[in-house]
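The following note sets out numbered points on the model shown below. Please read each point with the coordinates at hand.

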Amino acid sequence: MTTQVSPKREVGYLSELLQQRPSLDVQAIGAETVAWLQEIRDRSTPIVRELAIPTTRDEEWRFTDLSSLLKVNFAAAKPTSPLPDISSLVLPEAAASRLVFVNGFYAPELSSVAGIPEGVFAGNLWANEIPRWRDYLAKLPGGQEVFSALNTASLTDAAVVWIPKNRSLEVPIHLLFVSTAGELPTVSQPRCLVVAESGSAVTVIEEYAVCPHPQPLSHRRGGQEYAAYLTNAVTEIWVGENAQVTHARMQREGEEAFHVGKTAIAQARHSRYTCCAVSLGAKVSRHNLEIFQTGEGTETILNALTKIAGEQLADTHSTIALNHPYGTARQVHKCIVGDRAHAVFNGKILVPKPAQLTDAGQLSRTLLLSPKARVDTKPQLEITADNVKCAHGATVSQLETDEIFYLQSRGLDADSARNLLINAFATEIVDRIPIASLRQTISQIVRSNPIS
Amino acid sequence: MSAAVKTLVNQPYKYGFVTTIETDTIPRGLNEDVIRLISSKKNEPEFMLEFRLRAYRHWLKMTEPTWPHVTYPAIDYQDIIYYSAPKQKAKKNSLDEVDPALLETFEKLGIPLSEQKRLTNVAVDAIFDSVSIATTFREKLAKEGVIFCSISEALHEYPELVQKYLGSVVPIADNYFAALNSAVFSDGSFVYIPKGVKCPMELSTYFRINSGDTGQFERTLIVAEEGSHVSYLEGCTAPMYDSNQLHAAVVELVALDNAEIKYSTVQNWYAGDENGKGGIYNFVTKRGLCQGVNSKISWTQVETGSAITWKYPSCVLVGDNSVGEFYSVALTNNYQQADTGTKMVHIGKNTRSTIISKGISAGHSKNSYRGLVKMSPKAEGARNYSQCDSMLIGDNAQANTFPYIQVQNHTAKLEHEASTSKIGEDQLFYFTQRGISQEDAVSMMISGFCKDVFNQLPMEFAVEADRLLSLKLEGSVG
């Protein structure tokens, strides 16, 4: 889907990253698995070699400058010992259905799968199950851009969730990817695969968070508590016929983090996919969200909230590629931008000729809270089918002075009035987070970081 | 839908005739000598030749843009004739000296140039291939101090004015086609409205491409001094040829304090036949600079012709409280491709802009809206409202929107809306049930769809545009 035009540049940087990929351990995972993973890696490696780290000259990266990334030399993350304390990140709703990866490595000690009923699979790549996964892992349509190709070329392990036919899973599954930023810049490349077979239903929470390093740092470097780290994540979700996947994606990386994530979803006939993506952390973050419709009558609901401040940059590029009739798509993307932060949104909806009777709506709303805050947004429709209903809208504004005045006239001070309005703006999305405790956490974060 | 709509869209192009006339044509190809030749043919001042050569040298270093959502075979720039003019004796002092064949051509196009027949309140500059044939009402305008003439004449008579403003809004290296135009432009209109003058009549330029292998590169420059006001209209037609022709124009508008410029275009170049053969490549750079406080520039365009349209009339809002407006109807049929829209660059405080774009695509055509709204860090209190609606007729047509929104000031306020729909079956049914034929119903609905834009056109042209649209669409709905 994402085409890249950059000529080959920064060759050294990418091959260095490629060099850093963990080797496949035959003893731990078995020869057959190694062979299979190696085959997947080998398919992607040449793609990485062909491509370059995009620059602002690439249309898809016009507003997201990665030059600060190129200044950092990342080394592969290593398994940490002792393991970090994740108690603050545990969701009570998913207390016994949680997979934890620390710096990209599966941490069975921190995970808990006791609550996963039989027949449902939630775990990391596991030899016995591989035949089932062959058709799904790294098989999603759409071209590979450099970061997802790099992830695939470095594929070592993955969080896998498999819901069998007609099974509705009550408990949500929490996929937690924790980074423990250390003294040196590290890179980790998490991978998720979610397969919901026909008629099934599941809620998946994918979360990227930072945890203090379990061992105190020997010295603090120039006011910076942790070194930078890069998370390059890829998630593939297969929604079978009549299946329903509710997906919450929380990005709460550390202040010095770079986060590049891709979520690709294939939606079969009459399936429903709901996504709630929240981006709060990272110095530079980019989320590519790609939906491919593989059958008619699908329903796609995308909600997203980005709240950034300081010098943060948060970029979301979404594509909804319809190709069958009777599809419905609803997208609401909201950004709250403070200080000198910079939000980027590009939302594509493709409605080719076969996608007759599509009903698509897209709304991008941005709140700029400070004089230096900046937003670049581009809702984009490409339509060939004539019997469709498509609309998009975009607004950018600051807080209404009238509204602040009204609240002040009711006895609120200016700051409380502003915060109340900012919360109200965020609530539309926060309320759609499927898990109550998470909803609370996020709403607290939004509230506790007033942007002035 | 019915066959009625199909016949409605597929109206023959009635301006497709060729005028046989003896012409002064230079050999094909482009190099510095050709540019010198054009410059010397027009007997231009020295600074102009330098301007052209500088542009040409820039152009050589540039590459053709590939980002528009259009496809066309590579253009061979050496296979184009860059200058072609009807032969005529010396200088025309009155219309009597203009070749009768030319007058007849313009009469056939509905633009009578002779005194008795002309529209009473519109001054016309008629441009035929590379040169201006005649400019009407010059004396009357001169009384008010308004200068309205071809740009070649302006270069002789008001060189300081031209030198001051030419290239000030669209720099020579602005883009590939603007650079090419700066190097080889042959003629165009020049308008100067002095301080405090409200131009007493509508000004208009009529562009006619006649010759088959020439490219037309015209240049229009409008300067509105403090407190002045002008309304300007351009129209364009071309004969039907099987080959594609390049038309790369540049239009520059400058509005000083409290000035207002209203620029309307009815573009009806030959669009190619129903199989997409022939037609004009319309690669145009239009930009207005609201330099003064409270100035206003308003673009209205009705784009129905051309095989390919690549055109983004823009406003650079520098002066505080300045206003930019863009009203557009773009209609594509058969294999036409349009990638058009606007750029509103807000720089001054409290600048405001409005964008209303209506796209109608029928047949196998592609119609894209591409727009940029940029609020720079200093644009305190800037305001923009954009609305882009598309209507699809038939399921082989394409409608795309690419709105770029870049906001760097938190006090700015911006809204953008877009929708895509087709002509509703139930609406059609309602009309026919009331005894209105399907064809009339479709053309009514389309003119209703475009009303917001047509309302902005000067009266005579609004009627014309409405009719043009229904003619163009004849037979495509059905």
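**Notes on the predicted model**

1. Arg272(A) is partly exposed because 18 other C-beta atoms lie within 10 Å; a residue is buried with 20 or more other C-beta atoms within 10 Å of its own, exposed with 12 or fewer, and partly exposed in between, the C-beta atoms being placed from the backbone. The residue belongs to strand S13 (residues 272-279) of chain A; helices (H or I, at least four residues) and strands (E, at least two) are DSSP runs numbered from the N terminus. Leaving aside residues up to four places away in sequence, Arg272(A) touches Gln244(A) and Glu299(A), where contact requires C-beta atoms, placed from the backbone, to lie within 7 Å. The C-alpha atoms of Arg272(A) and Thr300(A) are separated by 5.9 Å, although the two residues are 28 residues apart along the chain.

2. On conventions: this is a predicted model, in which local features need pLDDT of at least 70 and side-chain atom pairs count only at pLDDT 80 or more, whereas totals for chains, interfaces and linings use all residues. Residues are numbered from 1 along each chain as its sequence is written, while chains are lettered from A and ligands numbered from 1 in the order in which they are written.

3. Chain B contains 12 helices and 25 strands. Of its 478 residues, 58% count as buried. Among contacts in chain B between residues at least 6 apart in sequence, 84% join residues at least 24 apart.

4. The buried residues include Phe177(B), Leu180(B), Asn181(B) and Val184(B). Their cover includes helix H2 (32-41), H3, strand S8 (219-224), strand S11 (250-255) and strand S13 (279-290) of chain B.

5. Helix H3 (residues 46-61) of chain B packs against H8(B) at an angle of about 145°, with the axes 7 Å apart; axes are lines fitted to C-alpha atoms, for helices over the stretch in contact, and angles run from 0 to 180 degrees between N-to-C directions. The crossing of H3(B) past H8(B) is left-handed, that is, the near helix is turned anticlockwise from the far one by less than a right angle, clockwise being right-handed. On the H3(B) side, Phe51(B), Arg52(B), Ala55(B), Tyr56(B), His58(B) and Trp59(B) take part, and they meet Tyr176(B), Ala179(B), Leu180(B), Ser182(B) and Ala183(B) of H8(B). This contact has 8 nonpolar, 2 polar and 1 charged residues; Ala, Val, Leu, Ile, Met, Phe, Trp, Tyr, Cys and Pro count as nonpolar, Asp, Glu, Lys and Arg as charged, and the others, Gly among them, as polar.

6. H2(B) and H3(B) pack at an angle of about 155°, and their axes are 10 Å apart. The two helices are therefore roughly antiparallel, a class for angles over 145 degrees; those under 35 count as roughly parallel, 65 to 115 as roughly perpendicular and the rest as oblique. H2(B) passes H3(B) in a right-handed crossing. Glu32(B), Ile35(B), Arg36(B) and Ser39(B) in H2(B) meet Met48(B), Leu49(B), Arg52(B), Leu53(B) and Tyr56(B) in H3(B). By class, this contact comprises 5 nonpolar, 1 polar and 3 charged residues.

7. At the interface, 31 residues of chain A contact 30 residues of chain B. Strand S20 (374-383) and strand S21 (389-397) of chain A are the elements giving two or more residues to the chain A side, and S20(A) supplies the largest share, 10 residues. That side has 14 nonpolar, 10 polar and 7 charged residues.

8. S21(A) pairs with strand S24 (residues 413-422) of chain B in the antiparallel sense over 7 bridges; pairing requires at least two DSSP bridges. Ala394(A) stands opposite His416(B), and Ala391(A) opposite Ser419(B). S21(A) also runs parallel to strand S19 (residues 359-368) of chain A, to which 9 bridges join it, with Thr366(A) opposite Val396(A).

9. Asn258(B) has a positive phi of about 60° although it is not a glycine, and lies in the loop between S11 and strand S12 (260-267) of chain B. Asn258(B) counts as buried because it has 21 C-beta neighbours inside 10 Å. Asn294(B), also not a glycine, has a positive phi of about 55°.

Methods: Two residues are in contact if their C-beta atoms, placed from the backbone, lie within 7 Å.
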